[in-house]
Every structure is written in C-alpha cells, then in structure tokens.
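Please look over the sequence and the model, then read the points below.

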Amino acid sequence: MAKLTKKQKEAASKIDKNRMYSLKDAAALLKDVASAKFDESVDIAVRLGVDPRKANQMVRGVVTLPHGTGKDVKVLALVTPDKEAEAIAAGADYVGLDEYLQKIKDGWTDVDVIITMPSVMGKLGPLGRILGPRGLMPNPKTGTVTMDVAKAVAEVKAGKIDFKVDKTGIVHAGIGKVSFGAEQIVDNAHEIIQTLIKLKPTAAKGVYIKSIYLTSTMSPAIALDPKAV
C-alpha cells in the first residue's frame with residue numbers, strides 16, 4: 001500500500017471517520033482539507049438499495065446542477081446542415097456530421113458529450129463499440145437525441161449531467177470544483193440527491209439511500225448522514 005504524503009496525513013487527521021457529517025459541514029470540511037495545487041474536482045458517491053441487475057430497479061437520469069460542474073464541457077453536435085447554425089449559436093464546440101463520423105471511426109473522441117438528432121442515430125449505430133465504452137453514445141433518455149438541438153447544447157453547457165447506477169449499486173457524479181463556495185457545493189449535491197430520491201424504483205425495498213460520500217480529487221472521503229439530506 002502506498003504511503004500517505006504529509007499533506008494527505010494532515011487532511012485525514014481532520015476527518016472523523018466515525019462521524020457522519022451534515023451536507024453543509026461536509027462541504028466546508030472538503031474545502032478545508034483540499035491541498036492540491038490545481039482546482040480539484042468534487043465528486044459525490046451515493047450507494048442505493050437497489051439491484052441494478054434487475055431492469056425494474058435500474059436508476060438512471062439527468063440533473064441540471066444549479067452552479068454547473070465548473071468544467072468546460074466540450075460538446076459535439078452531429079446534425080444536418082439545417083441545424084448547424086442553431087447548434088453553433090447555442091455554444092457547441094464542434095458542429096457537423098459526416099466529417100466527424102469519419103473522425104470518430106478513426107479513433108477521435110476528444111469530447112465530453114455528443115448531441116444529435118433522431119434521423120442521425122442510424123449512422124451512429126456502427127460506432128457504438130467506440131462511443132459506448134466511453135459513455136458518449138447519445139440517448140433519448142438523457143436528452144442528447146432531440147430535434148431541439150439548441151436547447152440540449154445550452155443545457156449541457158449550463159451544467160446538465162446524466163448519471164447511472166453502476167453494477168455495485170453506486171451512483172458517481174462530478175458536482176463541482178473545490179474553488180466553488182461551500183454553499184454552491186451544497187446546492188449541487190442537494191440537487192442530485194433529491195433527483196435520486198424522486199427516481200426511487202417502486203420495486204426497491206428497504207433502505208433506499210444507504211450511504212453518501214463527498215470527496216475531492218486528492219482528499220479522503222467524507223461520510224454524509226443520509227437522514228440529514
């Protein structure tokens with residue numbers, strides 16, 4: 001096991017591992033223990049009382065974070081010529097169709113989100129093996145396959161993210177940066193937690209929100225009290 005650095009030991013000493021913090025206290029503590037020279041990402045991990053292997057207990061959704069993610073999200077709009085102008089006006093970083101389909105086929109995936117139209121999805125099918133593992137395949141459920149391309153681009157740029165429970169029953173999501181104010185981190189975390197609660201499958205029995213942890217890129221995890229949020 002790798003040895004902890006002096007800064008990591010100092011950060012760990014400030015976190016009581018036997019305590020479950022309120023969201024407000026956890027956000028303030030996270031900012032206090034962050035010590036990296038770069039602007040660390042803030043992540044949330046929520047363990048749900050579901051069985052992801054069962055279709056009726058799959059939890060997947062989208063949420064628009066009130067304060068965005070703090071990340072410059074690169075958006076590719078794969079659209080027909082008549083939609084290019086609105087995609088550009090909405091802030092898409094890359095706009096086009098056939099030339100980008102060829103670039104993806106050649107291995108280019110330097111984007112965070114791909115937005116497209118229903119009529120274009122047929123052309124994307126063969127690229128599933130490239131886009132799928134990277135989480136880049138557009139999906140109507142997450143609003144990335146739509147005729148309202150401008151709205152979809154604007155929402156992603158403003159902080160809309162999609163999430164999906166993994167095979168271990170955990171939802172991971174980036175909800176900001178350490179440079180955010182503590183209240184901004186609280187607002188973003190609260191938004192995704194409340195969204196998860198609304199998405200509780202009717203087939204899920206027992207405790208739904210089992211645990212919640214807040215962490216930054218380099219800091220130890222901070223346990224939240226699920227009942228307090």
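Val178 is buried, because its relative accessible area is 13% and the cut-off for buried is under 20%. The model is a predicted one.

**Val178 and its surroundings**

- Val178 sits in the loop that runs between β7 and α8.
- Residues up to four places away in sequence aside, Val178 touches Lys31, Ala34, Asp39, Glu40, Val42 and Ser216.
- Lys74 is 104 residues from Val178 in sequence, and their C-alpha atoms are 21 Å apart in space.

**Nonpolar cores**

- The largest nonpolar core consists of 38 residues, and those with the most contacts inside it are Ile44, Leu48, Ile175, Ile192, Ile212 and Leu214.
- At least two residues of this core come from each of α2 (23–33), β1, β6, β7, α8 (182–198), β8 (209–216) and β9 (222–224).
- Another core lies apart from the largest one and has 29 residues, including Val95, Val113, Ile115 and Val153.
- Ile192 touches Ile44, Val63, Ile161, Phe163, Ala173 and Ile175, when residues up to four places away in sequence are not counted.

**Strands β1 and β7**

- β7 is largely enclosed by the rest of the structure, because six of its eight residues are buried.
- Seven bridges pair β7 with β1 in the antiparallel sense.
- Asp43 has Gly174 in β7 as its bridge partner.

- β3 and β5 run parallel and are joined by four bridges.
- Leu76 stands opposite Ile114 in β5.
- β3 also runs parallel to strand β4 (residues 94–96), to which three bridges join it.
- Ala77 has Val95 as its bridge partner in β4.

**The largest pocket**

- The volume of the largest pocket is about 770 Å³.
- Its lining is made up of 30 residues, and Asp112, Val113, Gly135, Ile161 and Asp162 lie nearest the centre of the pocket.
- The elements that contribute two or more residues to this lining are β1 (41–48), β5 (113–116), β6 (160–164) and β7 (170–177).
- By type, the lining residues are 11 nonpolar, 10 polar and nine charged.

- Lys160 belongs to strand β6.
- Is Lys160 buried or exposed? Lys160 is buried, because its relative accessible area is 16%, and buried means under 20%.
- Setting aside neighbours within four places in sequence, Lys160 is in contact with Val62, Val63, Thr64, Thr142, Gly143 and Glu155.
- Ser119 is found in the loop between β5 and α5 (121–124).
- Ser119 counts as exposed, because its relative accessible area is 55% and the cut-off for exposed is over 50%.
- Met147 is 28 residues from Ser119 along the chain, and 9.1 Å separates their C-alpha atoms.

Terms used. Residues are numbered from 1 along each chain as its sequence is written. This is a predicted model: local features need pLDDT of at least 70, side-chain atom pairs count only at pLDDT 80 or more; totals for chains, interfaces and linings use all residues. Side-chain values use heavy atoms; hydrogens and water are left out. On a 1 Å grid over the protein atoms alone, a cavity is a set of points where a 1.4 Å probe fits but cannot get out, and a pocket is an open set with protein on both sides within 12 Å along at least five of seven lines; lining residues have an atom within 4 Å of a point. Grid points are joined across faces, edges and corners, and a volume is the space filled by probe spheres set on the points. Ala, Val, Leu, Ile, Met, Phe, Trp, Tyr, Cys and Pro count as nonpolar, Asp, Glu, Lys and Arg as charged, and the others, Gly among them, as polar. A nonpolar core is a set of buried Ala, Val, Leu, Ile, Met, Phe, Trp, Tyr and Cys residues joined through side-chain atoms within 4.5 Å. Buried means under 20% relative accessible area, exposed over 50%, partly exposed in between (1.4 Å probe, protein chains only). Contact means heavy atoms within 4.5 Å. Two strands pair if DSSP finds at least two bridges between them.
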